Amino acid sequence: MLQLYLVTPERTIEKDLTIKEVTLPAFNGELNILQGHAPLMTTLRPGRLVYKLESGEFKEYFIAWGYCQVTQQKVRILAETLEEKSAIDSGQVGQALALLENRITHEILSDDQRQKIDQQIEEMRAKSYFINH
């Protein structure tokens, strides 16, 4: 079994929760962690974070950027934001995505502005996929 530590800047979601496995959106692809996994650190991209409890029940969140540290017995996730599927408004996500895509297409932007909007678009697309699958 693994111990999960899951935190955002606002609150601690889980602390020393015993889990069987966790799947998360690592920077270079989806990563599944089981007990005894090789130690690693990775950045996280927007996407689905899901972990399996001892009972066999799954818990699922949308994560928007973060970091993960894995040891053989612990998984520590520091997330910019975490949202449950039921808390996400698909209409707002669609509107935000349309607005961002319109801005990047029609406005004159600096490189820094374009990069920030590209990241926001990536997050909104990942969130839209998360709530629709």
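The charged end of K85 sits over the ring of F130, 5.1 Å from its centre. Such a charge is NZ of Lys or CZ of Arg within 6 Å of the ring centre and within 35 degrees of the ring normal. This is a predicted model, where local features need pLDDT of at least 70 and side-chain atom pairs count only at pLDDT 80 or more, while totals for chains, interfaces and linings use all residues. Residues are numbered from 1 along each chain as its sequence is written, and side-chain values use heavy atoms, without hydrogens and water.

Next, the aromatic pairs. Rings of Phe, Tyr and Trp (its six-membered ring) pair if their centres lie within 6.5 Å; planes under 30 degrees apart are stacked, over 60 edge-to-face, the rest tilted. The count is 2 aromatic pairs. The ring centres of Y51 and Y61 are 6.4 Å apart and the planes lie at 25°, so this pair is stacked. Y51 is buried, at 1% relative accessible area. Buried means under 20%, exposed over 50%, partly exposed in between (1.4 Å probe, protein chains only). Y61 is buried too, at 4%. F62 and F130 form a tilted pair, 5.8 Å centre to centre with 50° between the planes. Both F62 and F130 are buried.

Now the cores. A nonpolar core is a set of buried Ala, Val, Leu, Ile, Met, Phe, Trp, Tyr and Cys residues joined through side-chain atoms within 4.5 Å. The largest has 22 residues. L6, V22, L24, V75 and I77 have the most contacts inside it. Apart from this core lies another, of 15 residues, including A64, L100, I121 and M124.
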